[in-house]
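I opened this one to see how its parts sit against each other. These are my notes, in the order I looked things up.

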Number of protein chains: 2
Amino acid sequence: MPGRYNPRMTGAPTLDFWFDFASTYSYPAAMRIAPLAEAAGVTVRWRPFLLGPIFKAQGWDNSPFNIYPAKGSYMWRDLERICAELQLPFVRPTVFPQNSLTAARMALAALEEDWGEIFCRAIYAAEFGEGLDIGTPGAVVGVLATLRRNAEAVLQHAQSDAIKTRLRRQTEEAQRRGLFGAPSFVAADGELFWGNDRLEAALAWAGR
Amino acid sequence: MPGRYNPRMTGAPTLDFWFDFASTYSYPAAMRIAPLAEAAGVTVRWRPFLLGPIFKAQGWDNSPFNIYPAKGSYMWRDLERICAELQLPFVRPTVFPQNSLTAARMALAALEEDWGEIFCRAIYAAEFGEGLDIGTPGAVVGVLATLRRNAEAVLQHAQSDAIKTRLRRQTEEAQRRGLFGAPSFVAADGELFWGNDRLEAALAWAGR
């Protein structure tokens with residue numbers, strides 16, 4: 001994309017941060033990554049994708065946290081502990097997993113400009129910090145309003161064929177790179193790290 | 001069991017360490033837990049169990065790392081990185097998952113005496129440090145020989161009804177406590193932590 005900022009051209013080490021707004025552990029990762037990356041001298045590329053098609057390829061039509069209740073109930077408790085430790089607000093959403101399609105498209109649109117990261121953090125904060133359903137127009141419009149963005153213009157651009165295609169391609173690329181969950185981190189040499197727990201290791205690897 | 005050492009009676013905080021010798025991430029956990037627990041002032045109860053029946057209840061007849069190849073190939077790379085970081089030897093076994101039944105029974109027998117932890121670490125070292133198949137008599141007998149134990153006597157006790165029943169009961173208890181994978185750590189108040197990554201958090205919780 002001509003004119004689009006490409007961190008790989010600056011010479012600084014980069015790390016791709018792959019996330020889905022439906023993913024619970026992506027919430028703390030999204031909230032932690034910016035200051036940690038800065039301290040590590042690593043430039044982060046935020047790369048929204050959809051877990052749905054990847055889960056489907058594994059034979060799941062739902063979140064594994066719903067399919068396997070013991071794992072699911074553990075995850076919620078674990079996430080609550082993690083957020084408490086980080087002093088991040090946490091409210092378990094009543095809807096899970098949430099439909100992250102529109103938010104993911106909007107994130108791609110926002111990341112073309114300079115408010116992408118702020119938008120992503122605001123969506124995560126709405127979903128897991130306030131327990132809202134970001135699959136509903138109301139919640140997303142609320143986030144855009146907080147950021148003083150024109151909801152209609154953003155939505156129109158997010159629904160364009162160009163953005164739709166890019167999200168599809170990002171998801172295909174995620175699958176090609178061996179991703180099977182979120183958050184995931186991929187260094188420039190292809191090294192893959194999975195999970196909020198691996199954020200520090202991924203940054204250390206990328207910054208070597 | 002009369003006369004059996006019960007750490008809960010000493011007044012020191014305790015943490016139950018649940019592991020299966022078939023579990024890959026239980027290897028670094030088993031190698032790390034003793035010094036970390038000592039530093040935290042926590043007494044650890046080593047509790048072998050079998051993941052098989054728990055996986056079966058989730059609909060799996062194999063390790064999820066075999067059922068989901070992307071996750072499996074990531075796990076082996078991740079484990080390799082973790083062992084390198086800890087300077088633990090690592091050789092990927094050709095057989096996975098391994099039949100851990102006999103080793104688990106032997107561990108229960110050994111943990112009744114004073115060589116249980118050493119036996120557990122030696123089994124993990126043989127399996128993931130040397131790549132041996134601990135489901136075969138040769139490998140287990142080799143471990144017992146290194147520890148200067150009478151293999152025949154140990155095997156005979158391990159195959160007793162008392163030990164068989166205890167292993168079955170431990171596995172049932174694991175399921176009752178909400179365990180769905182290994183390693184897992186359970187504090188005296190029932191708080192559950194899953195995964196080698198959570199060892200430090202589990203010890204901190206238990207020692208509060």
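Predicted model: local features only at pLDDT ≥ 70, side-chain atom pairs only at ≥ 80, totals over all residues.

**Entry 1: the interface**

I started with the buried area, meaning the accessible area (1.4 Å probe) that two parts lose on being put together, summed over both. Chain B and chain A bury about 1,900 Å² between them, and 53% of that is on carbon and sulfur atoms. Residues are numbered from 1 along each chain as its sequence is written, chains are lettered from A and ligands numbered from 1 in the order in which they are written, and side-chain values use heavy atoms, with hydrogens and water left out.

Next I looked up contacts, which are heavy atoms within 4.5 Å. I found 19 residues of chain B in contact with 19 residues of chain A.

How many salt bridges are there between chain B and chain A? The count is eight, where a salt bridge is a side-chain nitrogen of Lys or Arg within 4 Å of a carboxyl oxygen of Asp or Glu. I picked out one of them, between the side chains of Glu191(B) and Arg81(A), at 2.8 Å from N to O.

Then I checked polar contacts. The term covers a pair of N or O atoms within 3.5 Å; within protein, one must be able to donate a hydrogen and the other to accept it, and residues adjacent in sequence count only if both atoms are side-chain atoms. Across the interface of chain B and chain A, 15 residue pairs are in polar contact, both residues at pLDDT 80 or more.

Which elements of chain B supply at least two residues each to the side that touches chain A? They are helix H4 (69-86) and strand E4 (192-194). Helices (H or I, at least four residues) and strands (E, at least two) are DSSP runs, numbered from the N terminus. H4(B) gives the largest share of that side, seven residues. By type, the side of chain B that touches chain A divides into 10 nonpolar, two polar and seven charged residues. Here Ala, Val, Leu, Ile, Met, Phe, Trp, Tyr, Cys and Pro count as nonpolar, Asp, Glu, Lys and Arg as charged, and the others, Gly among them, as polar.

**Entry 2: Tyr74(B)**

I stayed with helix H4 of chain B, where Tyr74(B) has its place. Tyr74(B) is buried, with a relative accessible area of 5%; buried means under 20%, exposed over 50%, and partly exposed in between (1.4 Å probe, protein chains only). Not counting residues up to four places away in sequence, Tyr74(B) touches Phe180(A), Leu192(A), Phe193(A), Trp194(A), Arg198(A) and Arg81(B). With Arg81(B) there is also a polar contact, side chain to side chain, at 3.4 Å.

**Entry 3: symmetry**

I superposed the copies by least squares on the C-alpha atoms of residues with pLDDT of at least 70 in both. A rotation of 180° with 0.0 Å of shift along its axis puts chain B on chain A, with an RMSD of 0.0 Å. That is the relation of a two-fold axis. In chain B, the C-alpha nearest the axis belongs to Asp197(B), 3.7 Å away from it. The same surface serves both copies, and 100% of the contact residues of chain B recur in chain A.

**Entry 4: two serines in chain B**

Is Ser26(B) buried or exposed? Ser26(B) is buried, at 0% relative accessible area, and lies in helix H1 (residues 26-40). A polar contact of 2.6 Å joins its side chain to that of Ser23(B).

Ser63(B) sits in the loop between helix H2 (51-57) and helix H3 (64-67). Ser63(B) counts as buried at 5% relative accessibility, and a polar atom of its side chain lies 3.0 Å from the backbone nitrogen of Phe65(B).

Most residues other than glycine have a negative phi, and most peptide bonds are trans. I noted a cis peptide bond joining Phe96(A) and Pro97(A), with omega about -10°. The bond from Ala182(A) to Pro183(A) is cis too, with omega near 0°. Arg148(A) has a positive phi, near 55°, and is exposed, with a relative accessible area of 78%.
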